[in-house]
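Subject: Structure for you to look at

Hello,

Here is the structure I promised to pass on. Please open it first, then read my notes below.

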Amino acid sequence: SNRVAQPTTPPIALTIAGSDSGGGAGVQADLKTFHAHGVHGLSVIAAVTSQNTRGVSAIHAVPLTHIRRQIEAVFDDFPIAAVKTGMLGNAATVRLVARELRKRKPAWLVVDPVMIATSGARLLDEDAIDAMINELIPLADVLTPNLPEAEALLGCPLRTSTRLASAGEALLALGAGSVLLKGGHARGDEVVDRYFDDRGSMEVRHVRLPREGHGTGCTLASAIAAELATGQTPRSAVRRASAYVHRALKQGYRPGGGSTYVLRH
Ligand code: PLP
């Protein structure tokens, strides 16, 4: 027979984030993650970083009009099941992305409140945090701050265990449907991520690997979006995505001269 079976169309997810020329983090990590989950990935590039394994050397903010045109192009054509936002760079971009998402109402939104890279580079202007809090976070189904980002969002330190215990409620009060507070920046031979939603909380624990990863946050948030796009519940998406990142870091490699590990997808 000359008939060819028609492969089914995979679920579709969108990342709105920054480009990492080094291929380890940002949009590049998101697209690799989507692909590894059997999801067709779309990308709206909000910022272009000049970056390698040693760090970020320059940042170009994409003009607002062109960010909007990319968003229009993808929403006008594809049935988008889930959206993830990453590095947005500045307040005007955060406001634009929030306005577009309010208009287009994707079924799932994962917001990774990217602020500062592992290398120390600032990826979000200080004065954009208010826009993130007031406009973008209330739209999120899952918000994925690390400890320094959670401290910046709450405006207080979380170093003490009592503060950590109440952080979940304080973060949920920002208006996201659920929050994954990532514990990678804390000490200890286990990494403890804490997930909070209106049903309570759950912990996801992993043995701390003796290596610093690059693009782990981007990958975790896009893996959650991919899992949501394929029909998983948020809790199950978080558990599965967390296992994915742990495995990808364990199998990680160093493609350049820097000391951080890139994930193997
Ligand atoms: N570059 C871009 C474009 C990113 O979006 C991110 C992630 O949040 C980073 C760099 C930082 O990655 P990491 O802190 O894992 O090195």
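Isoleucine 16 has threonine 85 of S4 as its bridge partner. S1 and S4 pair in the parallel sense, over 4 bridges. Two strands count as paired if DSSP finds at least two bridges between them. S4 also pairs with S5, again parallel and over 4 bridges. There, lysine 84 stands opposite valine 110 in S5. Ala82 and Lys84 point one way from S4, Val83 and Thr85 point the other way, and all are buried. Buried means that 20 or more other C-beta atoms lie within 10 Å of the residue's own; exposed means 12 or fewer, partly exposed is in between, and C-beta atoms are placed from the backbone.

**Before you go further**

This is a predicted model: local features need pLDDT of at least 70, side-chain atom pairs count only at pLDDT 80 or more, and totals for chains, interfaces and linings use all residues. Residues are numbered from 1 along each chain as its sequence is written.

**The chain as a whole**

The chain has 8 helices and 11 strands. These are DSSP runs, numbered from the N terminus: helices are H or I with at least four residues, strands are E with at least two. The radius of gyration is 18 Å, close to the 18 Å that the globule rule gives for 265 residues, so the chain is as compact as a globular protein of that length. (The radius is taken over C-alpha atoms; the rule is 2.2 Å times the number of residues to the power 0.38.) Along the principal axes, the C-alpha atoms fill a box of roughly 65 × 45 × 40 Å. Buried residues make up 46% of the 265 residues. Of the contacts with a separation of 6 or more, 68% are between residues 24 or more positions apart. A contact means two C-beta atoms, placed from the backbone, within 7 Å.

Gly26, Val27 and Phe34 are among the buried ones. Their cover includes S1, S2, S4 and H7. Glycine 38 follows H1 and has a positive phi, near 75°.

H4 covers residues 129-136, and its buried residues are Ala131, Met132 and Leu136. They span an arc of only 105° around the axis, which puts them on the same side of H4. The arc is that of the directions from the helix axis to the C-beta atoms. The buried residues of H4 pack against S4 (82-85), H3 (91-104) and S5 (108-111).

**The S7, S8 and S9 strands**

S7 (179-181) and S8 (190-197) pair in the antiparallel sense over 3 bridges. Leucine 180 stands opposite tyrosine 195 in S8. S8 and S9 (200-207) run antiparallel too, joined by 8 bridges. Valine 192 stands opposite arginine 205 in S9. S8 and S9 form a hairpin, with 2 residues between them.

**Two loop residues**

Is threonine 260 buried or exposed? Threonine 260 counts as buried, with 21 C-beta neighbours inside 10 Å. The residue is in the loop between H8 (234-250) and S11 (261-262). Leaving out residues up to four places away in sequence, threonine 260 touches Thr53, Thr118, Glu212, Gly213 and His214. Threonine 260 and serine 119 are 141 residues apart in sequence, and 9.2 Å apart in space, C-alpha to C-alpha.

Lysine 105 is in the loop between H3 and S5. Lysine 105 has a positive phi of about 45°, although it is not a glycine. With 8 C-beta neighbours inside 10 Å, lysine 105 counts as exposed.

Best wishes
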